[in-house]
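Colleague: I want to learn how to read charged and aromatic contacts in a model. Where do we start?

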Amino acid sequence: MAIEDQFQLVTFQLGEELYGVNIMDVKEIVRLQDVRVIPNAPYYVEGIINLRGEIIPIIDLHKRFRIKPLPKAEVDFDGGFIILNIDNNKIGIIIDKIARVVPVKREDVKDPPQMISGIGSEYIEGVIREENAYLVMLNTRKLFNANELMKIIDNQ
């Protein structure tokens with residue numbers, strides 16, 4: 001099998017669902033910390049954090065996708081932020097729980113159904129069948145269009 005036929009996903013839980021993003025888009029995973037609110041930001045922008053001197057906008061995908069967060073009792077120390085590097089812009093997304101890094105064969109990625117838990121299919125790269133569940137692979141490039149990215153970055 002050629003290297004290009006396989007890639008790795010960083011998987012995480014948002015609400016009851018399991019999601020994944022290509023490991024090549026992930027800069028790092030950090031623990032929850034205080035987020036400073038940005039006035040007049042889009043509804044799904046939680047605010048900004050200072051990560052080792054770098055200001056990073058934090059996006060709440062629960063709000064973006066209208067997903068109910070896990071109850072606080074189920075969110076443990078694994079909750080935090082995944083810092084994504086999208087077109088040389090760092091953006092953090094809030095996650096309920098980090099899961100694991102999983103290898104995926106391209107042939108196992110299926111086209112997404114029209115709607116999955118309220119998330120529009122335009123945000124989904126594909127769906128991977130796991131033992132008794134589905135892993136939804138997010139398309140980080142489409143999570144935020146260019147105008148949204150500029151608005152988020154300019155608001156810092």
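Modeller: Start with burial. A residue is buried under 20% relative accessible area, exposed over 50%, and partly exposed in between. This is a predicted model. In it, E28 has a relative accessible area of 19%, so E28 counts as buried.

Colleague: Which residue forms a salt bridge with E28?

Modeller: R52 does, with the closest N and O atoms 2.5 Å apart. E28 sits in strand 3, R52 in the loop between strand 4 and strand 5, 24 residues apart. R52 is at 66% relative accessibility, so R52 is exposed.

Colleague: How many salt bridges does a search of the whole structure find?

Modeller: Five. Among them is K63 with E46, at 3.1 Å between the closest N and O atoms. That pair joins helix 1 to strand 4, 17 residues apart. E54 and K90 also meet, at 3.2 Å, N to O. They link strand 5 and strand 7, 36 residues apart. D25, D87 and R141 form a network of salt bridges.

Colleague: Now the rings. What kind of aromatic pair do F65 and Y123 form?

Modeller: Check the angle between planes: under 30 degrees is stacked, over 60 edge-to-face, the rest tilted. The search finds three aromatic pairs. F65 and Y123 are at 45 degrees and 5.3 Å centre to centre, a tilted pair. F65 lies in helix 1 and Y123 in the loop between strand 11 and strand 12, so the pair ties together parts 58 residues apart in sequence. Both residues, F65 and Y123, are buried.

Colleague: Which ring does the charged end of R129 sit over?

Modeller: The ring of Y134, 4.9 Å from its centre. R64 lies over the face of Y44, at 4.5 Å from the ring centre.

Key. Residues are numbered from 1 along each chain as its sequence is written. This is a predicted model: local features need pLDDT of at least 70, side-chain atom pairs count only at pLDDT 80 or more; totals for chains, interfaces and linings use all residues. Side-chain values use heavy atoms; hydrogens and water are left out. Rings of Phe, Tyr and Trp (its six-membered ring) pair if their centres lie within 6.5 Å; planes under 30 degrees apart count as stacked, over 60 as edge-to-face and the rest as tilted. Helices (H or I, at least four residues) and strands (E, at least two) are DSSP runs, numbered from the N terminus. Buried means under 20% relative accessible area, exposed over 50%, partly exposed in between (1.4 Å probe, protein chains only). A charge sits over a ring if NZ of Lys or CZ of Arg is within 6 Å of the ring centre and within 35 degrees of the ring normal. A salt bridge is a side-chain nitrogen of Lys or Arg within 4 Å of a carboxyl oxygen of Asp or Glu.
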